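Subject: Structure handover

Hi,

Here is the structure we talked about, for you to open alongside this note. My findings follow below it.

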Amino acid sequence: MNESNGAQRLNGVNGAYIHNGHLSQGQGAIVILGGGVAGLASGLELARRGLQVTILEQAGEVGGLARTVTHQGYRFDIGGHRFHSHNPRLLRWLRELLGDDLLRVSRRSHIYLQGQYVTYPLQFPGALGIFGPRQLLQVLSSYAAARWQQRTATTVGVSFEDWVVQRFGRALYEIYFRPYTEKVWGIPCHELSADWAAQRISLPDLWATMRRTLYAGRRPPATIVSEFYYPRYGFGMIPKRLAQALLNAGGSIVTNASVRSVTPVGGDLAGGYTVSYGTNSGQGQLRADCVISTIPLNALLRALPPNPGAPADVGLDYRDLICVFLAIDQQRVSRDHWTYFPQRELIFGRTHEPGNWSAAMTPPGMTSLVAEIFTGRDEPTWHSADDVIAAKTVTQLHALGFLSGDRVVDRRVLRVKNAYPVYRLGYRNELERAHRYLQQFPGLHLVGRTGAFRYLNSDGVIEDALTLVDWLCGQAPAQVEVGEHYVVP
Ligand SMILES: Cc1cc2nc3c(=O)[nH]c(=O)nc-3n(C[C@H](O)[C@H](O)[C@H](O)COP(=O)(O)OP(=O)(O)OC[C@H]3O[C@@H](n4cnc5c(N)ncnc54)[C@H](O)[C@@H]3O)c2cc1C
């Protein structure tokens, strides 16, 4: 980055920052769009460096996808959230934030496959025991065929389907990988980028996995997370504590503030921005020298002034989610953290039982279950009545023998927009197109899962937020810089 061409690096000493190469005392207003983990973590670190930070959050509370909902004495996450990281700086940072409220939990998950609940992710070779002799032969022979084809292949697979079939064979792909993946994304696996598989599937390939397990004395591969951290009163403690720390450090948060426009001041693209937002009672405006966006990328593109070359039709979309919360008059229904249901005929794809994550999530003697329904705003399920969605969920769970329908004493349905950035084939070109366009806006930065359109867990989001702040304050390595416009790589 060249600071003489309008880039903004921030220098926290005495609330000063460098703008166009000049140190401007007392300036440095930073407006952060969105109060999820990305916005709060960046905001807190900037406020701790003495900078003037305001977060605009459209919801009535902070936390975004990482919030914990409270309901009649119960608490539940938007789909169970575990915290896992190998980064010592991040773990130290989290321990400082949560202290004694950070619990260590041993993970237990199953997938309902072939009429049985099998440990998830599948652990080979043990998992092969779920197949009958004929199916087992199919699995092994299609794996051998895939390996053979790969040796002679001249092209590299680009889709999720290619990626998995090459490593596990077609039979295992059809039985195990495909149904759940298509349920989550709502598109065929051949339209989904291999990037997602590479990021999410921790197993190298069938044979390597079996070898590793056998040599390691039947221990799961090191990449399978067997333990994780969880905040005592739900994952939402993380954003709540971040928000409190941000306020203590002198930052501000405006909730119920929906960002409408981000307009360069004076039209020269170097004088900062005016950020306009709507509230319940009217609207407000803030002057910003630097804007950090964590809101959906297409919402940001719409908020910028219409310009020639603006990629208005950028092909980046997000998958939505419906959470069905059920309060159950019973000690517990399972011992699982998550249970996966890949079957197409079942409305939900995954459940989690909050009481198994932390006893503080449910009133004594009771339990609850949250079923996740992967859907899109353009699908009929999204528009179904809450009662219909909840009733179908309970009926199906009852029919599976997972719970007894008459023990369900309360229910709540929650619609969550923009839960997953969709890595459709070609998304990278679209993302690059958006980045190229955004580079003309100095001092405008993207970070987070939703803002940077990157399929990240919260640990990755926080890491990126810390890197962004280091970079803005001149403490990060040069290779992460992308012109004047910063996108955490
Ligand atoms: C079902 C599910 C399960 C998950 N499980 C895990 C897990 O086990 N472990 C883990 O670490 N992570 C998990 N994650 C991922 C984790 O939730 C995210 O990585 C993280 O919360 C993303 O934070 P963010 O700030 O980038 O985005 P968001 O949380 O999406 O924050 C963006 C914020 O911007 C706000 N906003 C949007 N538009 C506007 C606007 N116009 N004006 C103002 N504000 C606006 C939104 O309300 C939101 O608060 C899971 C996610 C989901 C959906």
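The largest nonpolar core holds 131 residues, and Phe160, Leu297, Leu300 and Leu438 have the most contacts inside it. A nonpolar core here is a set of buried Ala, Val, Leu, Ile, Met, Phe, Trp, Tyr and Cys residues joined through side-chain atoms within 4.5 Å. Buried means under 20% relative accessible area, exposed over 50%, and partly exposed in between (1.4 Å probe, protein chains only). Helix α5 gives this core its largest share, nine residues. Leu300 touches Leu33, Val262, Ser293, Ile295, Leu438, Leu444 and Leu446, leaving aside residues up to four places away in sequence. Contact means heavy atoms within 4.5 Å. Another core lies apart, with 22 residues, among them Ile328, Ile347, Leu397 and Leu403.

Some ground rules. This is a predicted model, in which local features need pLDDT of at least 70 and side-chain atom pairs count only at pLDDT 80 or more, while totals for chains, interfaces and linings use all residues. Residues are numbered from 1 along each chain as its sequence is written, and side-chain values use heavy atoms, with hydrogens and water left out. Helices (H or I, at least four residues) and strands (E, at least two) are DSSP runs, numbered from the N terminus.

Next, the sheet. Seven strands make an open, mixed sheet in the order β10-β9-β18-β19-β20-β17-β21. Two strands count as paired if DSSP finds at least two bridges between them. β10 (116–119) and β21 (408–421) are the edges; each has a single partner strand, so one side of each has no neighbour in the sheet. Neighbouring strands are turned by 25° against each other on average, direction ignored. β17 (residues 318–328) and β20 pair antiparallel over nine bridges. Leu326 has Leu369, in β20, as its bridge partner. Helix α11 (residues 386–399) lies across β17, β19, β20 and β21, and runs at about 105° to β21. Axes are lines fitted to C-alpha atoms, for helices over the stretch in contact, and angles run from 0 to 180 degrees between N-to-C directions.

On to charges. The count is 24 salt bridges, each a side-chain nitrogen of Lys or Arg within 4 Å of a carboxyl oxygen of Asp or Glu. Arg350 and Glu372 form one of them, at 3.0 Å, N to O. That pair links distant parts of the chain: Arg350 is in β19 (residues 350–352), Glu372 in β20 (residues 367–375), 22 residues apart. Both Arg350 and Glu372 are buried. Shared partners join Glu161, Arg170, Glu174, Arg178, Glu182 and Arg344 into one salt-bridge network. Within α5 (residues 170–185), Glu174 and Arg170 sit four residues apart, about one turn of the helix. Their closest N and O atoms are 3.5 Å apart. Glu174 is partly exposed at 34% relative accessibility, and Arg170 is partly exposed at 38%.

Last, helix α8. Its 12 residues (237–248) should span 16 Å at 1.5 Å a residue, and the end C-alpha atoms are 16 Å apart, which agrees. The expected span is 1.5 Å times one less than the number of residues. Met237, Ile238, Pro239, Leu242, Ala243, Ala245 and Leu246 are buried in α8. Their cover includes α1 (37–48), β5 (52–56), α2 (88–98), β11 (227–231) and β12 (252–254). Just after α8, Gly250 has a positive phi of about 100°.

Best wishes
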